[in-house]
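Good morning, and thank you for the time.

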Amino acid sequence: MSDAAPSRERSERMLRIARVVLPSAIALASLVAWEAVVRVNAIPHYILPGPLMIAKTLWTDWGTLQPALLVTLRITFLALAVAVVGGFALAVLFAQSEWIELSFFPYAVILQVTPIIAIAPLILIYVDNTHVAILICAWIVAFFPILSNTTLGLHSADHNLVNLFQLYGASRWQVLRYLRIPAAMPYFLGGLRIAGGLSLIGSVVAEFAAGTAGQGSGLAFRILESGYRLNIPRMFAALALISFTGILIFVLFTAISHLALRRWHESAVKREN
Amino acid sequence: MADPRLARPLVRLDKVDKRFASGVLALAGLDLAIGQHEFLTLLGPSGCGKSTALRLIAGLGDPTGGRIEWPDPEAHTRRDIGFVFQEPTLMPWATVFDNVYLPLRLQRVGRKQAERDVTAAIAMVGLEGFARAYPRELSGGMKMRVSIARALVTRPRLLLMDEPFAALDEITRFKLNNDVMELWRSQSWTVVFVTHSVFESVYLSSRIVVMAPRPGRIVAEHRIDAAYPRDEEFRTSTVYNEYCRTISRSLARAMQEQPA
Ligand SMILES: Nc1ncnc2c1ncn2[C@@H]1O[C@H](COP(=O)(O)OP(=O)(O)O)[C@@H](O)[C@H]1O
Ligand SMILES: [Mg+2]
């Protein structure tokens with residue numbers, strides 16, 4: 001089996017290249033096919049614009065779209081940040097006291113299982129500032145995955161290690177700092193990845209709920225507005241930007257998770273067989 | 001039984017009972033004195049309460065009956081006990097250095113001050129050069145070595161080992177048996193070792209206590225008077241085989257014991 005190693009190395013490199021090349025090729029082919037269908041059938045752009053047209057709209061309407069993108073990004077990341085801080089802190093509090101966890105966890109679940117689209121109109125009524133209302137909606141959906149994953153993670157420390165800490169007379173704080181929080185890291189980061197996507201969904205949904213009544217100017221509002229004006233290319237352009245934001249969030253948190261865990265956690269470690 | 005070491009033991013278990021909340025009576029009337037510098041082995045079938053006894057000695061949980069006494073109050077501080085579990089029980093996110101440093105860190109010893117002791121402990125178990133490695137990069141035997149280094153970094157007087165080598169292959173186990181015995185001889189420790197291997201117990205111990213299950217109690221006691229250092233020659237000697245036969249019989253009887 002002396003020549004097995006180099007050939008395996010080669011196949012691994014192929015796999016790495018394929019992971020980038022294949023999806024890109026499919027994307028390119030779909031875009032070309034889309035453009036071709038639109039042109040061959042002479043579909044009017046107010047029904048279905050081709051990708052080139054959408055790209056052009058992104059360019060020409062950038063003045064309107066860019067501020068909207070910034071608003072959506074800001075709300076998404078702000079809501080996520082508050083969800084991370086709040087969810088993590090509450091999970092730590094839960095880990096300190098079973099009573100607190102027993103008392104409050106059900107409410108966190110209720111908050112989670114009630115669809116945000118059903119709560120959003122109420123929040124928009126009670127909170128005067130539309131921006132703050134949207135932020136709250138995004139926060140509600142992003143909060144729970146952080147809370148539940150971190151809570152699970154904090155409880156997941158090896159019980160023999162807990163005993164060892166006890167044996168050496170570790171304080172509560174030391175157990176948390178050196179054992180429970182590191183053990184919770186993979187769970188927390190998993191929650192973060194989910195929460196990132198949900199936060200974007202939350203902010204988009206809330207903006208739709210706010211609709212024309214608000215003075216909102218995020219990407220979702222641009223989609224609504226373009227819909228009323230039958231400006232379909234701009235609708236697609238705004239949609240592309242929302243997808244782009246989602247992809248950005250996913251890639252960002254996957255990278256963070258990988259960097260944080262690559263030294264030790266199975267999920268991030270590439271094993272040689 | 002007139003062992004001078006037991007006149008003033010390091011720790012004495014006096015009619016110790018342990019009943020778990022589930023109702024299981026894990027230990028009943030356990031009497032055991034552990035002398036200074038002994039290599040004492042608890043031998044018995046699975047479920048006879050060996051781990052429970054060890055955990056009580058370590059102060060992890062309280063007996064539900066009887067007492068555990070430390071005649072020399074000096075000896076009973078936390079830094080005087082080291083514990084090695086059956087699994088290496090390392091923190092996967094921490095390097096070998098940080099894993100071994102843990103007991104000192106918990107006692108608020110600064111990293112700089114601890115460095116010499118940690119490095120020495122790592123060297124003692126033969127892992128020089130691996131201080132910066134992560135547990136996942138080590139073999140099973142090496143992880144166990146890290147676990148032992150962590151237990152001895154505080155220079156404990158009493159080392160408690162709960163079937164530490166049960167999950168290892170025989171070659172690695174023999175090697176670690178020799179290393180632990182060597183460390184025990186050179187460091188003036190007291191070791192309480194748990195195993196269900198007759199051969200391992202005879203090879204290592206100065207005294208063997210045989211336990212019976214349901215409820216856990218001591219049914220026999222044997223002194224292994226063969227001189228240290230013991231090596232492969234001892235492992236193949238007639239004396240060794242005699243001891244193994246005696247202890248095996250004793251263990252077989254223990255397993256037939258009617259519940260008390
Ligand atoms: N935390 C616990 N709660 C309830 N029962 C336990 C607990 N730990 C051990 N036991 C029971 O006590 C008995 C002795 O267990 P253990 O000390 O682990 O035995 P050994 O180490 O000799 O195999 C077993 O019957 C076991 O099921
Ligand atoms: Mg056990």
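How many salt bridges does the count between chain A and chain B give? A salt bridge here is a side-chain nitrogen of Lys or Arg within 4 Å of a carboxyl oxygen of Asp or Glu, and the count between chain A and chain B is zero.

A word on the basis of these values. This is a predicted model, in which local features need pLDDT of at least 70 and side-chain atom pairs count only at pLDDT 80 or more, while totals for chains, interfaces and linings use all residues. Residues are numbered from 1 along each chain as its sequence is written, chains are lettered from A and ligands numbered from 1 in the order in which they are written, and side-chain values use heavy atoms, with hydrogens and water left out.

Let us turn to the interface itself. With contact taken as heavy atoms within 4.5 Å, 21 residues of chain A touch 24 residues of chain B. The area buried between the two chains is about 2,300 Å², and carbon and sulfur atoms give 64% of that; buried area is the accessible area (1.4 Å probe) that two parts lose on being put together, summed over both. On the side of chain A, the residues that lose the most area to chain B are A:Leu167, A:Tyr168 and A:Trp264, together 34% of what that side buries.

As for polar contacts, the rule finds two residue pairs across the interface of chain A and chain B, both at pLDDT 80 or more. The rule asks for a pair of N or O atoms within 3.5 Å; within protein, one must be able to donate a hydrogen and the other to accept it, and residues adjacent in sequence count only if both atoms are side-chain atoms.

Which helices of chain A each supply at least two residues of the side that touches chain B? They are helix H7 (159-167) and helix H8 (172-210), where helices are DSSP runs (H or I, at least four residues) and strands are runs of E of at least two, numbered from the N terminus. H7(A) gives the most, with seven residues.

Rings of Phe, Tyr and Trp (its six-membered ring) pair if their centres lie within 6.5 Å; planes under 30 degrees apart count as stacked, over 60 as edge-to-face and the rest as tilted. A:Trp264 and B:Trp93 form an edge-to-face pair, 5.6 Å centre to centre with 70 degrees between the planes, and this pair crosses between chains.
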